[in-house]
Amino acid sequence: MSEEKYYNLQAIVLRNRLYKEYDKLVNLYSLERGRLTVLAKGASRPNGGLRGLIQPFTQVNLNLAKGRGSLDIIFQGEVMRPFISLRQDLEKIAYASYMTELIISSMPEGKPSRSVFVLLLSAFSLLDMDISPSHASCFFELHLLSALGLAPYLENCMNCGRGLKGGSFLLSPARGGLLCISCAKELPNSPLSLGAIMTMRHILREPFSSLPQLKISQECLQELEQAIGLYMEYHLQYALRAKDMLKSLL
(Lines give C-alpha, C1' and ligand atoms only; values in the text may rest on other atoms or scores of the structure.)
Protein backbone atom coordinates (compact mmCIF):
# COMPACT_ATOMS: atom_id res chain seq x y z
CA MET A 1 0.00 0.00 0.00
CA SER A 2 1.24 3.49 -0.84
CA GLU A 3 1.85 5.61 2.24
CA GLU A 4 0.47 8.60 0.38
CA LYS A 5 -2.89 7.00 -0.38
CA TYR A 6 -3.49 4.89 2.74
CA TYR A 7 -2.95 5.66 6.40
CA ASN A 8 -3.88 4.52 9.91
CA LEU A 9 -5.41 6.45 12.81
CA GLN A 10 -5.98 5.84 16.48
CA ALA A 11 -9.17 7.77 17.08
CA ILE A 12 -12.21 8.42 19.23
CA VAL A 13 -15.54 8.75 17.44
CA LEU A 14 -17.22 12.00 18.44
CA ARG A 15 -20.42 11.68 16.41
CA ASN A 16 -21.75 10.67 13.01
CA ARG A 17 -24.53 11.82 10.72
CA LEU A 18 -26.23 10.65 7.54
CA TYR A 19 -24.62 11.69 4.27
CA LYS A 20 -26.43 10.90 1.04
CA GLU A 21 -28.49 7.71 1.05
CA TYR A 22 -26.36 5.08 2.80
CA ASP A 23 -23.13 6.86 3.74
CA LYS A 24 -22.25 8.64 6.96
CA LEU A 25 -19.96 11.50 7.87
CA VAL A 26 -17.92 10.67 10.97
CA ASN A 27 -16.36 13.24 13.28
CA LEU A 28 -13.20 11.90 14.92
CA TYR A 29 -10.58 13.09 17.34
CA SER A 30 -7.39 11.23 16.46
CA LEU A 31 -4.02 10.92 18.11
CA GLU A 32 -2.14 11.52 14.86
CA ARG A 33 -4.21 14.22 13.10
CA GLY A 34 -6.42 15.78 15.74
CA ARG A 35 -10.01 16.54 14.86
CA LEU A 36 -11.20 15.57 11.39
CA THR A 37 -14.26 14.43 9.42
CA VAL A 38 -14.17 11.30 7.27
CA LEU A 39 -16.59 9.25 5.19
CA ALA A 40 -17.96 5.79 6.04
CA LYS A 41 -19.50 4.40 2.84
CA GLY A 42 -22.55 2.16 3.28
CA ALA A 43 -22.46 2.57 7.07
CA SER A 44 -26.20 3.26 7.32
CA ARG A 45 -27.17 -0.03 5.65
CA PRO A 46 -28.59 -2.62 8.09
CA ASN A 47 -25.70 -4.99 7.36
CA GLY A 48 -23.08 -2.29 6.83
CA GLY A 49 -19.69 -3.59 7.90
CA LEU A 50 -18.59 -0.23 9.30
CA ARG A 51 -21.57 0.32 11.61
CA GLY A 52 -19.77 -0.86 14.74
CA LEU A 53 -16.71 1.25 13.97
CA ILE A 54 -18.48 4.59 13.88
CA GLN A 55 -20.60 4.46 17.04
CA PRO A 56 -20.22 7.66 19.10
CA PHE A 57 -17.80 7.53 22.06
CA THR A 58 -15.94 4.49 20.67
CA GLN A 59 -12.15 4.20 20.61
CA VAL A 60 -11.10 2.72 17.27
CA ASN A 61 -8.09 1.90 15.13
CA LEU A 62 -8.93 2.86 11.55
CA ASN A 63 -7.47 2.30 8.11
CA LEU A 64 -8.35 5.07 5.69
CA ALA A 65 -7.82 5.90 2.05
CA LYS A 66 -7.39 9.35 0.57
CA GLY A 67 -10.60 10.46 -1.12
CA ARG A 68 -10.87 12.22 -4.44
CA GLY A 69 -12.39 15.26 -2.75
CA SER A 70 -11.90 16.69 0.72
CA LEU A 71 -13.17 13.59 2.55
CA ASP A 72 -10.99 10.58 3.24
CA ILE A 73 -12.70 7.18 3.42
CA ILE A 74 -12.72 4.51 6.14
CA PHE A 75 -12.31 1.10 4.55
CA GLN A 76 -11.62 -1.07 7.60
CA GLY A 77 -10.64 -0.98 11.26
CA GLU A 78 -11.16 -2.45 14.70
CA VAL A 79 -12.87 -1.35 17.90
CA MET A 80 -10.38 -0.90 20.73
CA ARG A 81 -12.81 0.15 23.49
CA PRO A 82 -16.56 0.36 22.75
CA PHE A 83 -17.61 2.22 25.94
CA ILE A 84 -21.04 0.65 25.50
CA SER A 85 -22.43 2.05 28.77
CA LEU A 86 -21.96 5.58 27.42
CA ARG A 87 -24.63 4.82 24.80
CA GLN A 88 -27.06 3.00 27.09
CA ASP A 89 -27.50 5.34 30.05
CA LEU A 90 -29.22 8.69 29.43
CA GLU A 91 -27.10 10.60 31.93
CA LYS A 92 -23.88 9.17 30.52
CA ILE A 93 -25.04 9.92 26.97
CA ALA A 94 -25.65 13.52 28.00
CA TYR A 95 -22.26 14.02 29.64
CA ALA A 96 -20.32 12.21 26.91
CA SER A 97 -22.12 14.33 24.30
CA TYR A 98 -21.25 17.47 26.26
CA MET A 99 -17.58 16.49 26.31
CA THR A 100 -17.49 15.74 22.59
CA GLU A 101 -19.23 19.04 21.83
CA LEU A 102 -16.53 20.89 23.76
CA ILE A 103 -13.83 19.05 21.79
CA ILE A 104 -15.52 19.87 18.48
CA SER A 105 -15.89 23.52 19.47
CA SER A 106 -12.47 24.09 21.05
CA MET A 107 -10.06 22.05 18.95
CA PRO A 108 -9.29 23.21 15.39
CA GLU A 109 -9.25 20.63 12.61
CA GLY A 110 -5.92 19.04 11.79
CA LYS A 111 -4.18 20.15 15.00
CA PRO A 112 -3.34 17.02 17.04
CA SER A 113 -2.83 17.14 20.79
CA ARG A 114 -1.80 14.00 22.60
CA SER A 115 -2.90 15.49 25.93
CA VAL A 116 -6.41 16.18 24.62
CA PHE A 117 -6.69 12.70 23.10
CA VAL A 118 -5.65 11.11 26.41
CA LEU A 119 -7.96 13.46 28.32
CA LEU A 120 -11.03 12.49 26.33
CA LEU A 121 -10.17 8.81 26.61
CA SER A 122 -9.65 9.22 30.38
CA ALA A 123 -12.97 11.06 30.81
CA PHE A 124 -14.85 8.33 28.93
CA SER A 125 -13.09 5.74 31.08
CA LEU A 126 -14.30 7.53 34.22
CA LEU A 127 -17.87 7.59 32.94
CA ASP A 128 -17.59 3.91 32.06
CA MET A 129 -16.41 3.15 35.63
CA ASP A 130 -19.72 4.40 37.04
CA ILE A 131 -18.06 7.35 38.74
CA SER A 132 -20.47 10.27 39.15
CA PRO A 133 -20.81 11.96 35.73
CA SER A 134 -20.59 15.33 37.48
CA HIS A 135 -17.21 14.36 38.95
CA ALA A 136 -15.99 13.20 35.54
CA SER A 137 -17.23 16.44 34.00
CA CYS A 138 -15.30 18.60 36.50
CA PHE A 139 -12.17 16.56 35.74
CA PHE A 140 -12.68 16.97 32.00
CA GLU A 141 -13.43 20.70 32.13
CA LEU A 142 -10.43 21.59 34.30
CA HIS A 143 -8.01 19.50 32.26
CA LEU A 144 -9.37 20.82 28.96
CA LEU A 145 -8.79 24.36 30.25
CA SER A 146 -5.26 23.30 31.19
CA ALA A 147 -4.61 21.80 27.75
CA LEU A 148 -5.75 25.07 26.18
CA GLY A 149 -3.45 27.10 28.45
CA LEU A 150 -6.38 28.49 30.45
CA ALA A 151 -6.12 26.60 33.76
CA PRO A 152 -7.10 28.81 36.72
CA TYR A 153 -4.41 29.90 39.19
CA LEU A 154 -5.30 28.33 42.53
CA GLU A 155 -2.37 29.05 44.86
CA ASN A 156 -3.33 32.39 46.46
CA CYS A 157 -5.04 35.71 45.72
CA MET A 158 -3.84 36.96 42.36
CA ASN A 159 -4.14 40.56 43.51
CA CYS A 160 -2.71 40.79 47.03
CA GLY A 161 -1.07 37.37 47.43
CA ARG A 162 -3.13 36.35 50.46
CA GLY A 163 -2.80 32.63 51.26
CA LEU A 164 -5.67 30.19 51.09
CA LYS A 165 -6.08 30.04 54.88
CA GLY A 166 -6.27 33.81 55.16
CA GLY A 167 -9.93 34.32 54.25
CA SER A 168 -12.62 33.63 51.67
CA PHE A 169 -11.94 33.42 47.95
CA LEU A 170 -13.77 33.24 44.65
CA LEU A 171 -12.73 32.20 41.16
CA SER A 172 -12.43 35.22 38.89
CA PRO A 173 -12.76 34.36 35.19
CA ALA A 174 -11.47 37.78 34.15
CA ARG A 175 -8.33 37.49 36.27
CA GLY A 176 -7.80 33.81 35.52
CA GLY A 177 -7.65 32.59 39.10
CA LEU A 178 -8.47 33.21 42.74
CA LEU A 179 -9.23 36.55 44.32
CA CYS A 180 -9.84 37.04 48.01
CA ILE A 181 -13.13 38.66 48.97
CA SER A 182 -11.35 41.91 49.92
CA CYS A 183 -9.95 42.21 46.39
CA ALA A 184 -13.14 41.11 44.64
CA LYS A 185 -15.85 43.21 46.26
CA GLU A 186 -17.63 44.01 43.00
CA LEU A 187 -17.65 40.49 41.56
CA PRO A 188 -20.97 38.59 41.80
CA ASN A 189 -19.50 35.09 42.19
CA SER A 190 -20.24 33.10 45.32
CA PRO A 191 -17.26 32.43 47.63
CA LEU A 192 -15.51 29.09 47.29
CA SER A 193 -14.84 26.96 50.34
CA LEU A 194 -11.27 25.87 51.03
CA GLY A 195 -12.44 22.32 50.32
CA ALA A 196 -13.64 23.27 46.82
CA ILE A 197 -10.35 25.01 46.03
CA MET A 198 -8.31 22.06 47.28
CA THR A 199 -10.50 19.68 45.26
CA MET A 200 -9.78 21.64 42.06
CA ARG A 201 -6.07 21.57 42.84
CA HIS A 202 -6.22 17.81 43.43
CA ILE A 203 -8.04 17.21 40.15
CA LEU A 204 -5.45 19.23 38.21
CA ARG A 205 -2.41 17.72 39.91
CA GLU A 206 -3.26 14.06 40.36
CA PRO A 207 -3.69 11.37 37.68
CA PHE A 208 -7.21 10.58 36.56
CA SER A 209 -6.96 7.13 38.16
CA SER A 210 -7.10 8.79 41.60
CA LEU A 211 -10.45 10.47 40.92
CA PRO A 212 -12.68 7.48 41.79
CA GLN A 213 -11.23 7.60 45.32
CA LEU A 214 -11.76 11.36 45.68
CA LYS A 215 -14.76 12.09 47.91
CA ILE A 216 -16.67 15.22 46.92
CA SER A 217 -19.70 16.32 48.93
CA GLN A 218 -22.82 17.49 47.13
CA GLU A 219 -22.31 20.99 48.51
CA CYS A 220 -18.72 21.09 47.26
CA LEU A 221 -19.77 19.74 43.87
CA GLN A 222 -22.34 22.51 43.49
CA GLU A 223 -19.63 25.08 44.25
CA LEU A 224 -17.35 23.54 41.63
CA GLU A 225 -20.03 23.33 38.95
CA GLN A 226 -20.98 26.97 39.41
CA ALA A 227 -17.43 28.32 39.56
CA ILE A 228 -16.02 26.21 36.72
CA GLY A 229 -19.15 26.83 34.63
CA LEU A 230 -18.78 30.61 34.88
CA TYR A 231 -15.06 30.34 34.21
CA MET A 232 -15.58 28.27 31.07
CA GLU A 233 -18.35 30.49 29.76
CA TYR A 234 -16.02 33.48 30.05
CA HIS A 235 -13.01 31.85 28.34
CA LEU A 236 -14.82 29.44 26.00
CA GLN A 237 -17.97 31.15 24.79
CA TYR A 238 -19.25 28.01 23.10
CA ALA A 239 -19.27 26.23 26.49
CA LEU A 240 -22.65 27.77 27.25
CA ARG A 241 -24.15 26.17 24.12
CA ALA A 242 -22.61 22.83 25.04
CA LYS A 243 -23.97 23.11 28.59
CA ASP A 244 -27.45 23.91 27.27
CA MET A 245 -27.27 20.76 25.17
CA LEU A 246 -26.30 18.77 28.27
CA LYS A 247 -29.29 20.11 30.20
CA SER A 248 -31.64 19.37 27.32
CA LEU A 249 -30.61 15.69 27.35
CA LEU A 250 -31.07 15.19 31.09
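Predicted model: local features only at pLDDT ≥ 70, side-chain atom pairs only at ≥ 80, totals over all residues.

Biologist: How many cavities of 30 Å³ or more does the structure hold?

Modeller: Three of them reach 30 Å³ or more.

Biologist: Back to the largest one, then. Which residues line the largest cavity?

Modeller: Leu-170, Leu-171, Asn-189, Ser-190, Pro-191, Leu-192, Glu-223, Gln-226, Ala-227 and Leu-230 make up the lining. Two elements, β6 (169-172) and α5, each give two or more residues to the lining. With four residues, α5 gives the most.

Biologist: What does the lining of the largest cavity have by class?

Modeller: Six nonpolar residues, three polar and one charged.

Biologist: Since α5 came up, let's look at its packing. How do I read a helix pair?

Modeller: Two packed helices are described by the angle between their axes and the distance between the axes. Here, helix α3 (residues 133-147) packs with helix α5 (residues 218-235) at an angle of about 35 degrees, and the axes are 11 Å apart.

Biologist: Is the crossing of α3 and α5 left-handed or right-handed?

Modeller: Left-handed, as α3 passes α5. On the α3 side, the contact is made by Ser-134, His-135, Cys-138, Glu-141, Leu-142 and Leu-145. The α5 side brings Leu-221, Leu-224, Glu-225, Ile-228, Tyr-231 and Met-232. By class, this contact counts eight nonpolar, two polar and two charged residues.

Biologist: Is Phe-57 buried or exposed?

Modeller: Buried. The cut-off is under 20% relative accessible area, and Phe-57 comes in at 5% relative accessibility, so it counts as buried.

Biologist: And Phe-83? What is its phi near, and where is it found?

Modeller: Its phi is near 45 degrees, again a positive value in a residue other than glycine. Phe-83 lies in the loop between β5 (73-81) and α1 (90-106).

Biologist: Why does Phe-83 count as buried?

Modeller: Because its relative accessible area is 3%, and buried means under 20%.

Key:
Residues numbered from 1 in each chain as written. Heavy atoms only, no water. Axes fitted to C-alpha atoms, helices over the stretch in contact; angles between N-to-C directions. Left-handed = near helix turned anticlockwise from the far one by under 90°. Contact = heavy atoms within 4.5 Å. Nonpolar A, V, L, I, M, F, W, Y, C, P; charged D, E, K, R; others polar. 1 Å grid on protein atoms, 1.4 Å probe; cavity = no way out; pocket = protein on both sides within 12 Å on 5 of 7 lines; lining within 4 Å. Points joined across faces, edges and corners; volume = space filled by probe spheres on them. Buried < 20%, exposed > 50% of the residue type's maximum accessible area, 1.4 Å probe, protein only.
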